[in-house]
Amino acid sequence: MPAETSTPARPAVLAARISERIRTGYWTRLVPVLAVLATLTHIPSFLRPVWSPDEGYLATQARMLADGGVLYDTVVDRKPPLLPWLYEACFSVFGSLSLWPLRTLAIVAHVVTAVLLASIARGRWGNRAGGAAGVLYLMLSIGLSPEDTQAATFEVFMLPAMVAAFRYAERRRWLAAGIAVALCSLTKQTGGAVLLPVLWMLFQDARLRSVPWRSALAKLGLGTALPIVLVAVILTKPKGFLFWVVTGSGDYASLNGDWLQMLGRALGNSAILLAAGLGFLFPLGHRLWMRYRTGRALPTRGESHGSAADLWVWLFSSVVAVATGFHFFGHYYLQLMPPLVLLGVGAVSVSAVRWKPVLVYSAVACTAFWSLAVAWPGEQMSQNNQVATAVAERSTPKDTVLVWGMHPELYWLSDRKPATRYLTAGFLTNFSGGKGGADVGEQYSVPDAWQTFDKELSNGLPAVVVDDSGSAPYQPSQVPAIENLLDTHYQVVGAYGDAMVYRLKK
């Protein structure tokens, strides 16, 4: 009889192959590195209860929604609904006393964004470029003021869908790209700017491959429009959605305002972002300058994997989105980071520049911004905590409170219900940070806002009013309705910095 030969059972062979693939797999090695880096860079986000008024606004909105409020009716904002709903969902599971679940989800959003950028860069310039894109994005993601980068706000949750839309368009998956554009737009309106590079890639694909574009455009249009229509018609009040998300922000986004202040903020935040990303932006700028001087394409190292024109279109659309409204807040600049990272990675990948100095500079800059976040001054947060404590001590959980200012986090910190759906004075005066005193006053309010405000207060005056206006152009002395309210019904019971606390007269 022939000698028996033993062969491994088929399941064992498959298990060994899977194990080997996992051990040597590109993504199974890269994703954990990106997850650890995202966590490390955003650890400072857990050091404060609130980083920005946007977080306070979202947290207060979520509580109002949980108490039976109706979005775009008794709970209003000029933003789309996805993030308020996410806050509400997290509060329903984990409670509303802390934002740590949202901060954790923000880290997940950064990881997803980094993985998608790595996938795009890997497809264009190879494995090393893919890893560099993910790492450089995460190091750049804290390269602004900590209040803009450590908060769990709209731009952070918008970026994964924005990058996904570009990624799907690259692969000619137009329906999926459209859905990603819709999700991006439903997180923040300016996220819809990614539709421009997606359309550019669609028509370029049709031109270069001589394929029909109408079918692709129909899929893209369906994917973009259907989710937005479903949300507007089924999940919210359509009229309210249209006004608050689309048509009701004309005065808020007007050209009137303090142009020197707006220009200073625009240049300042641009300079900060440039400093944070100089490691890869310098090679990009050098290549552009040399190409301009020579008037011809520069020699490349290795395969260039096609034109970067779509990335430039993406960057242009993001610049337009950042400039929309002429506010130039630092967190707006997060939208520039994905296309800038890809353009920088592409410039390094096809030139003689080595990766080591790029990564070393980025790591040093990242460490500096991380240290800044840890040591960031907390005077405003300390004052807000004092005011919130005073409000809680002078009211009961059943009482309502009015905050006349631009710090809606006071509602959340004091755990008291707002007396009105207008959580900042901006809705009633058209004031917005950084635009000065032009077109600020009762006459510039959201249409019918004062009538609604008076009706809300007729149901019962708030037990406590916080005047947080300081020397702003909407301080009570410049808004007769608020000045009369305070003079007639309230008495001062405390002062904390530039914030005054009033208690209803007995």
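Okay, a definition before anything else: a residue is buried under 20% relative accessible area, exposed over 50%, and partly exposed in between. Keep that in mind for Phe 326, which comes out at 24% and is therefore partly exposed. And bear in mind, please, that this is a predicted model.

So, Phe 326. You'll find this residue in the loop between helix H15 (309-323) and helix H16 (337-349). Asn 430 belongs to the loop between H20 and H21. Its relative accessible area is 9%, so Asn 430 counts as buried.

How many aromatic pairs does a search of the whole structure find? The count is 15. Take Phe 329 and Tyr 332: the ring centres are 5.5 Å apart and the planes sit at 80 degrees, and over 60 is what we call edge-to-face, so that's the label for this pair. Both Phe 329 and Tyr 332 are buried.

Another edge-to-face pair is Trp 450 with Phe 453, at 5.4 Å centre to centre and 80 degrees between the planes. These two both lie in helix H21 (residues 449-458), three residues apart, so about one turn of the helix. Trp 450 has 9% relative accessibility, so it counts as buried, and Phe 453, at 2%, counts as buried as well.

Then there's a cluster: ring pairs link Tyr 57, Phe 243, Trp 244, Tyr 422 and Phe 427.

Trp 244 takes us to helix H12 (residues 238-247), where Gly 240, Phe 241, Trp 244 and Val 245 are buried.

Arg 48 lies over the face of Trp 51, at 4.7 Å from the ring centre. Arg 122 does likewise with Tyr 26, lying over the ring face at 4.0 Å from the centre.

That's what I have; questions welcome.

Methods. Residues numbered from 1 in each chain as written. Predicted model: local features only at pLDDT ≥ 70, side-chain atom pairs only at ≥ 80, totals over all residues. Heavy atoms only, no water. Phe/Tyr/Trp six-rings, centres within 6.5 Å; stacked < 30°, edge-to-face > 60°. Buried < 20%, exposed > 50% of the residue type's maximum accessible area, 1.4 Å probe, protein only. Helix = DSSP H or I, 4+ residues; strand = E, 2+ residues; numbered from the N terminus. Lys NZ or Arg CZ within 6 Å of the ring centre and 35° of its normal.
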